[in-house]
Amino acid sequence: MSHTHKVIYYTGLIASYVFYSCVQAPIPQSFISKEIWGEVQGQTAWLYTLSNKNGMKIKVSNYGATLTDVVVPDKDGCFGSVVLGFDSLDSYLGSHPNFGSTIGRYANRISNAEFLLNDTLYKLKANRRQDIIHGGSKGFSRQLFQVDTAYIAKDTAIIKLCYTSPDKEEGFPGTLFFHLIYKLTDSNEIILEYEATVDKPTVINLTNHSYFNLTGCKKNILNHEISIMADSFILTTPRGIPTGELAFVQSTPYDFTTRRKVGERIQELEKGYDLCYKLNKQGHMLELAACVCDPVSGRTLEAYTTEPGMQFFVGNANMSQYTGHNGKIYDKYYGLCLEMQHFPDSPHQPGFPNVVLHPGEVYRQTTLYKFGILNSHH
């Protein structure tokens with residue numbers, strides 16, 4: 001967008017209308033702006049930019065409650081995008097592998113696109129052979145959310161997005177009232193706070209599907225170093241459906257209990273990494289799940305969650321059909337996903353943590369992604 005356009009700025013608690021051109025100097029304070037991004041079924045899709053005092057910024061659209069961009073500095077203070085995503089709404093409306101999407105009602109897979117709840121069999125809309133994945137072909141990632149509020153509180157930029165999922169959407173029972181709050185702090189943290197209620201019993205499993213690339217999307221992520229706080233993972237069939245058993249990571253290519261390169265053993269895996277780790281954490285407290293660093297740029301990422309599992313995904317598909325931020329052509333192994341969630345196919349696995357939400361209960365989940373710079377103790 002080379003033209004000058006109208007934008008709302010939020011600084012402190014005061015909103016003012018100004019004009020600005022698209023070339024901006026870093027903002028030395030917490031800051032929110034918004035612009036019209038396009039239309040979806042006759043409704044406005046907005047793109048919000050949240051900035052902090054360090055010059056870090058994130059972009060969030062109400063289409064799919066999508067985290068479209070995250071821009072952070074490297075060790076030399078140079079800013080770059082560290083998630084895969086698009087600059088245009090049209091690209092998100094087309095086919096893409098859920099770049100930055102909010103996933104629901106059920107992240108990951110439910111086998112045979114059906115589940116039994118209170119003696120009622122619910123048939124869902126299959127979208128991965130006979131199974132359903134990531135809430136179906138018209139899950140939350142394809143819905144237009146309402147922007148409830150956008151404001152600055154202390155040193156944090158906040159946006160709250162809401163969506164009401166009607167009864168039987170993609171086959172899921174109950175009208176689900178969902179909101180997601182994105183927060184950007186002056187500590188270079190992105191905090192995602194999920195909350196949902198329902199008017200009849202249902203199943204729920206939500207996550208964010210960002211693909212991280214700490215090189216600034218200059219190279220693939222095979223030289224990224226990662227540690228994952230998990231001694232075991234969910235065993236699955238070739239279709240990705242859990243057997244109900246756990247396997248220890250020790251002596252497998254899935255062992256990241258000590259920090260190692262993503263690409264160290266990936267060639268041993270036919271499809272790359274696509275597995276759900278059972279995190280070592282206990283209970284529902286916010287705890288560290290994974291640490292990632294790019295030794296070249298010096299960027300680091302710490303990922304925290306209240307959830308019991310994390311799907312680690314590094315697909316081996318060529319992504320060269322996708323033109324990302326600033327015209328960048330993506331490639332194979334160009335991003336890694338740290339999807340905080342409950343376990344796949346939990347409705348069919350009574351031994352897995354509960355995913356049933358009843359009327360009168362509140363589903364809550366928090367994910368935190370903290371960005372930093374490598375120092376001597378790493």
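A nonpolar core is a set of buried Ala, Val, Leu, Ile, Met, Phe, Trp, Tyr and Cys residues joined through side-chain atoms within 4.5 Å, where buried means under 20% relative accessible area, exposed means over 50% and partly exposed lies in between, computed with a 1.4 Å probe on protein chains only. The model discussed here is predicted, and local features need pLDDT of at least 70, side-chain atom pairs count only at pLDDT 80 or more, and totals for chains, interfaces and linings use all residues. Residues are numbered from 1 along each chain as its sequence is written, and side-chain values use heavy atoms, with hydrogens and water left out.

The largest nonpolar core holds 66 residues, and V70, I190, F312, L338 and F371 touch the most other members. A second, separate core has 19 residues, among them A45, L47, F86 and C337.

F312 sits in strand β27, a strand being a DSSP run of E with at least two residues, numbered from the N terminus. With 0% relative accessibility, F312 counts as buried. Leaving aside residues up to four places away in sequence, F312 touches I226, I228, F256, Y273, D274, L275, Y277, L336, C337 and L338, where contact means heavy atoms within 4.5 Å. The C-alpha atoms of F312 and M340 are separated by 9.0 Å, the two residues being 28 residues apart along the chain.

In one of them the side chains of R109 and D274 meet at 3.4 Å, N to O. Because R109 lies in strand β9 (residues 109–110) and D274 in strand β24, this pair ties together parts that are 165 residues apart in sequence. R109 counts as buried at 9% relative accessibility, whereas D274, at 34%, counts as partly exposed.

Another salt bridge joins E225 and R259, whose closest N and O atoms are 2.3 Å apart. E225 belongs to strand β20 (residues 225–228) and R259 to the loop between β22 (242–248) and β23 (260–261), so this pair ties together parts that are 34 residues apart in sequence. E225 is buried at 18% relative accessibility, while R259 is partly exposed with a relative accessible area of 40%.

We now turn to empty space. Rolling a probe the size of a water molecule over the atoms shows where empty space is left. On a 1 Å grid over the protein atoms alone, a pocket is an open set of points with protein on both sides within 12 Å along at least five of seven lines, a cavity is a set of points where a 1.4 Å probe fits but cannot get out, and lining residues have an atom within 4 Å of a point.

The largest pocket contains about 1,400 Å³ of space, and among its 48 lining residues R109, R128, I133, D274 and F313 lie nearest its centre. The elements giving two or more residues to this lining are β21 (232–236), β24 (272–278) and β27 (309–315). The largest cavity, with a volume of about 30 Å³, is lined by residues including G104, R105, F140 and F172.

Notes: Points joined across faces, edges and corners; volume = space filled by probe spheres on them. Helix = DSSP H or I, 4+ residues; strand = E, 2+ residues; numbered from the N terminus. Salt bridge = Lys/Arg side-chain N within 4 Å of Asp/Glu carboxyl O.
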